[in-house]
Amino acid sequence: MTATLTRPIWTTEYELEIVDKLISQYAPHVPVKQETRPIETQEELDNFCRFRIRGAAHDLFIVQVCAKAINQIATNDPELQLFLSRQLGDDGAHAQHTRLRVEALSGHDPIDEIQQQVKKHWEFMGDLPIRDWFGFLAFELHYELHIVASLILNKRLTKINDPNSASFAVEKIIPDEAFHRLGVVREWQCKYDKASPQQKAEFAVKLIEADEEGQRCRNSYLKSHWEITHRALGYEHEAEGIEVIYDAWRREVLAYLLDISVSQLPKLVSASEVN
């Protein structure tokens, strides 16, 4: 893989431009927006709480990884330490809000279920997130950037939602996560852009290897998570093509980071490849 392109600055507008292109190409049936309604039945409430508990676990796992990374990965990098401290605090706040909202909706504190789900993340991810800088970067990509296209699909297809959760997402989660994603891209570029051509080639190999490992680790989880998400948000039968869009978006992210065209990437593990 040879770096041959000069990419535009990575922004949320650029992300949306790419995702819009991919949705038009692979899922033209997806509307720009749907009318949503509040939760109406006990079954819908149970489905929604199950979905949000998994979201809180995703965020708490990020908190735990960032806490370890500050001590193990960013030891001599105060810039990265400060960024991770912000990310840790943001995702902690997201997890806590979700915990309290599920408690308000269901009448019980879901902290035990959240922690059980966090343990599952550690089990399938193993030591990859804290093994070395490339493993940690792969973790950041999988937990922050690679999920962007599927999150936008969720937003466009959602039929059932909780107004409180939706408001918190708009006011807090969406701007926080944008800051995280841009920070991850910036962290990579600071190191990659300063590297020699030989170092860049080595970086590319290590990044792809770590990212591929992360994808294999997460595939079974993603399949289950998407099923739970689609059921909770009311569009089980309208999410066809999500794996294709996820794969295409992931290729766009990696190609951007390596400053190459998508066609120059090696064949990558697909989200549809579940053991």
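Tutor: Trp 133 counts as buried because its relative accessibility is 15%, where buried means under 20% relative accessible area, exposed over 50% and partly exposed in between (1.4 Å probe, protein chains only). Phe 203 is buried too, with a relative accessible area of 19%. This is a predicted model in which local features need pLDDT of at least 70 and side-chain atom pairs count only at pLDDT 80 or more, while totals for chains, interfaces and linings use all residues. Residues are numbered from 1 along each chain as its sequence is written, and side-chain values use heavy atoms, with hydrogens and water left out.

The structure holds 19 aromatic pairs; rings of Phe, Tyr and Trp (its six-membered ring) pair if their centres lie within 6.5 Å, and planes under 30 degrees apart count as stacked, over 60 as edge-to-face and the rest as tilted. Among these pairs is the tilted one of Trp 133 and Phe 203, at 6.4 Å centre to centre with 55° between the planes. Trp 133 belongs to helix α6 (residues 133-145) and Phe 203 to helix α9 (residues 197-233), so this pair links distant parts of the chain, 70 residues apart. Helices here are DSSP runs (H or I, at least four residues), numbered from the N terminus.The rings of Trp 226 and Tyr 246 have their centres 5.5 Å apart and their planes at 70°, so they form an edge-to-face pair. Because Trp 226 lies in helix α9 and Tyr 246 in helix α10 (residues 242-258), this pair ties together parts 20 residues apart in sequence. Trp 226 is buried at 6% relative accessible area, and Tyr 246 is buried at 1%.

Ring pairs also link Phe 61, Trp 122, Phe 136, Phe 139 and Tyr 143 into a cluster. Arg 218 lies over the face of Tyr 143, 4.3 Å from the ring centre; a charge sits over a ring if NZ of Lys or CZ of Arg is within 6 Å of the ring centre and within 35 degrees of the ring normal.

How values were computed:
Helices (H or I, at least four residues) and strands (E, at least two) are DSSP runs, numbered from the N terminus.
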